[in-house]
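Here is a short briefing on the structure below.

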Amino acid sequence: MKLRITQGTLSRKHGADGQDLGFMVLFAGEYPASIDDSGELEIKIGEEQCAYLSLRKMEEKIQQGELVVIEA
């Protein structure tokens, strides 16, 4: 899927082992994304980095107009 972030927002950052490493800023722009095995939205930022949002947060961001699904 492809997303458009219309306004910068905070997202979660995970380590290579899946461990939560805190927050990271997700800047406005278009990003490829998918739902990972744990049920979180995985947003690809560059070649090796990903940001994560829970599906609840994704729904909130869509309702607030901060996130738009361009392509399912």
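E42 is buried, at a relative accessible area of 15%; buried means under 20% relative accessible area, exposed over 50%, and partly exposed in between, with a 1.4 Å probe and protein chains only. This is a predicted model, in which local features need pLDDT of at least 70, side-chain atom pairs count only at pLDDT 80 or more, and totals for chains, interfaces and linings use all residues. Residues are numbered from 1 along each chain as its sequence is written, and side-chain values use heavy atoms, with hydrogens and water left out.

**Salt bridges**

- E42 forms a salt bridge with K44, and the closest N and O atoms are 2.8 Å apart. The term covers a side-chain nitrogen of Lys or Arg within 4 Å of a carboxyl oxygen of Asp or Glu.
- K44 is partly exposed, with a relative accessible area of 35%, whereas E42 is buried.
- K61 and E66 also meet through their side chains in a salt bridge, at 3.3 Å from N to O. K61 is buried at 12% relative accessible area. E66 is buried too, at 15%.
- Side chains of opposite charge can pair when their charged atoms come close.
- The whole structure holds seven salt bridges.

**A link between distant parts of the chain**

- R4 and E30 form a salt bridge, with 2.8 Å between the closest N and O atoms. This pair links distant parts of the chain: R4 is in strand β1 (residues 2–5) and E30 in strand β4 (residues 29–35), 26 residues apart.
- Strands here are DSSP runs of E with at least two residues, helices are runs of H or I with at least four, and both are numbered from the N terminus.
- E30 counts as partly exposed, at 42% relative accessibility. R4 counts as partly exposed as well, at 34%.
- K2 belongs to a network of salt bridges with R4 and E30.

- Strands β2 (residues 9–14) and β3 (residues 20–26) run antiparallel and are joined by five bridges. Two strands pair if DSSP finds at least two bridges between them.
- L10 has V25 as its bridge partner in β3.
- Five residues lie between the strands of this hairpin, and G18 takes a positive phi near 90°.

**Rings**

- R12 lies over the face of F23, 4.1 Å from the ring centre. A charge sits over a ring if NZ of Lys or CZ of Arg is within 6 Å of the ring centre and within 35 degrees of the ring normal.
- Aromatic pairs number zero in the whole structure. Such a pair needs ring centres of Phe, Tyr or Trp (its six-membered ring) within 6.5 Å; planes under 30 degrees apart count as stacked, over 60 as edge-to-face and the rest as tilted.

**Nonpolar residues, at the surface and buried**

- M1, I35, L55, I62 and V69 form a nonpolar surface patch, with about 360 Å² of accessible area together. Patch residues have over 30% relative accessible area and no salt bridge; like charges are joined within 9 Å, and nonpolar side chains (Val, Leu, Ile, Met, Phe, Trp, Tyr) within 5 Å. Accessible areas come from the Shrake-Rupley method with a 1.4 Å probe; for residues, only the protein chains shown count as cover.
- L55 is in helix α1 (residues 55–63). L55 is partly exposed, at 36% relative accessible area.
- L67 is in strand β7 (residues 67–71). L67 counts as buried, at 3% relative accessibility.
- L3 lies in strand β1. L3 counts as buried, at 0% relative accessibility.
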